[in-house]
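Open the model in your viewer and keep the selection panel at hand. The stops below go from one selection to the next.

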Amino acid sequence: MIVIMKEGAPKDAIEEVKKIVKEAGYTPHDLSGEMKTVIAAVGDGRDKSRLESMESLAYVERVVPILKPYKLCSREVKKEDTIITVGNVAIGGKHIVVMAGPCSVEGEEQIVSIARDVKAAGAEILRGGAFKPRTSPYSFQGMEKEGLELLKKAREATGLPIVTEVMNPRELDLVCEYADILQIGARNMQNFSLLKLVGQVKKPVLLKRGLASTVQEFLMSAEYILSEGNREVMLCERGIRTFETATRNTLDLSCIPVLKELTHLPIITDPSHGTGYWQFVSSMSKASVAAGTDGLMIEVHNRPEMAFSDGAQSLKPKKFAQLMKELRPVAEAVGRTI
Ligand code: PEP
Ligand code: MN
């Protein structure tokens with residue numbers, strides 16, 4: 001339920017509403033905008049009539065139900081786009097933000113040199129995995145803490161904020177010491193205990209869509225994070241599993257406008273994992289921008305043939321720089337900058 005207060009409602013009237021919401025077994029979330037005080041009462045649907053009866057309170061304008069199963073991330077609750085600020089970068093506004101870097105951090109020279117290259121080409125956030133979710137336990141698992149230290153060096157060298165994956169609640173505190181944005185990988189999209197914990201930290205989260213998740217399941221996972229208090233969540237489409245084998249995954253471009261309609265959260269597209277081959281990354285990046293994405297996550301490696309992971313889908317820095325140039329007129333055509 002959403003409780004909309006009358007303009008000029010005093011503090012104690014707002015507190016009274018919050019108290020009733022809690023007594024009814026719901027959690028109050030303050031969603032006040034510039035003009036109005038709005039309180040979302042989020043819970044399991046019990047004792048709804050108690051909430052509805054608040055319409056009779058002097059300072060309550062209206063009590064309206066939230067029809068979607070996800071609440072705090074829905075457009076019903078918040079009409080305006082959420083803008084997440086990381087350093088000097090605003091994600092979710094008119095400007096499209098590019099996050100680029102290798103799949104895995106592999107060494108100092110590798111990460112610092114790639115960071116310099118992607119920055120020079122116009123990327124605004126550096127990506128790089130230190131904890132890697134690999135299909136095989138025998139594949140490279142990431143440099144872990146040492147990888148985080150190297151990401152920090154790359155940030156010091158370039159000023160680029162860092163997005164890196166946290167795989168496990170055990171490593172959350174450690175990753176938080178280094179990351180500017182916490183990445184939740186596709187395989188962990190429904191790791192609800194991890195989602196609840198990242199919901200309790202004060203750091204933006206990039207939530208990747210599960211390998212075989214529907215849009216609704218994706219939004220319900222975001223809701224886990226928001227419901228714990230962290231409203232800074234961006235949703236990353238990274239391809240879903242279909243019957244097609246010509247690409248590693250099927251990049252679901254249509255989910256971009258669908259998500260834009262359903263949620264106020266920023267949408268990021270990852271055409272690297274979405275296709276699995278560097279040859280297709282450029283066209284799918286342009287298509288994503290045309291479809292309304294707020295950001296791109298692109299894997300870049302200086303020696304893709306030697307990469308410890310995902311070399312086949314990584315662009316060389318020169319190709320990445322070329323792509324950035326080609327993206328500018330596409331962004332302009334849809335009223336955006338990049
Ligand atoms: C990655 O970003 O390198 C990664 C492992 O992504 P995903 O979780 O989407 O597979
Ligand atoms: Mn990867």
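Select D310 first: this residue lies in the loop between β14 and α11. The model is a predicted one. Check the backbone torsions of D310, where phi is near 55°, a positive value in a residue other than glycine. Most residues other than glycine have a negative phi.

Next, show the manganese ion (ligand 2). Its donors are C103 (SG), H273 (NE2), E299 (OE) and D310 (OD), at 2.0 to 2.4 Å. Along the chain, these donors are spaced as C-x169-H-x25-E-x10-D. Colour C103 and D310 to see a link between distant parts of the chain: the two are 207 residues apart. C103 is in the loop between β7 (97-101) and α3 (108-121), while the loop of D310 runs between β14 (295-299) and α11 (317-333). Are C103 and D310 buried or exposed? Both are buried.

Now select ligand 1, which sits in the second largest pocket. The residues around ligand 1 include C103, H273 and E299, each of which is also a donor to the manganese ion.

- A186, through a backbone N or O atom, at 2.8 Å
- R187, through a polar side-chain atom, at 2.9 Å
- K208, through a side-chain N or O atom, at 2.9 Å

Taken alone, ligand 1 exposes 300 Å², and the protein buries 97% of that.

Last, go to E144 in helix α4 (residues 144-158). E144 is not a glycine, yet its phi is positive, about 55°. E144 counts as partly exposed because its relative accessibility is 39%.

Notes:
Residues are numbered from 1 along each chain as its sequence is written. Chains are lettered from A and ligands numbered from 1 in the order in which they are written. This is a predicted model: local features need pLDDT of at least 70, side-chain atom pairs count only at pLDDT 80 or more; totals for chains, interfaces and linings use all residues. Side-chain values use heavy atoms; hydrogens and water are left out. Donors are N, O and S atoms within 2.8 Å of the metal (3.2 Å for Na, K and Ca); water is not among the atoms, so sites may look incomplete. Helices (H or I, at least four residues) and strands (E, at least two) are DSSP runs, numbered from the N terminus. Buried means under 20% relative accessible area, exposed over 50%, partly exposed in between (1.4 Å probe, protein chains only). A residue is near a molecule or strand if one of its heavy atoms lies within 4 Å of it. A polar contact is a pair of N or O atoms within 3.5 Å; within protein, one must be able to donate a hydrogen and the other to accept it, and residues adjacent in sequence count only if both atoms are side-chain atoms. Accessible areas come from the Shrake-Rupley method with a 1.4 Å probe; for residues, only the protein chains shown count as cover. On a 1 Å grid over the protein atoms alone, a cavity is a set of points where a 1.4 Å probe fits but cannot get out, and a pocket is an open set with protein on both sides within 12 Å along at least five of seven lines; lining residues have an atom within 4 Å of a point. A molecule sits in a cavity or pocket if more than half of its atoms lie within 2 Å of its grid points.
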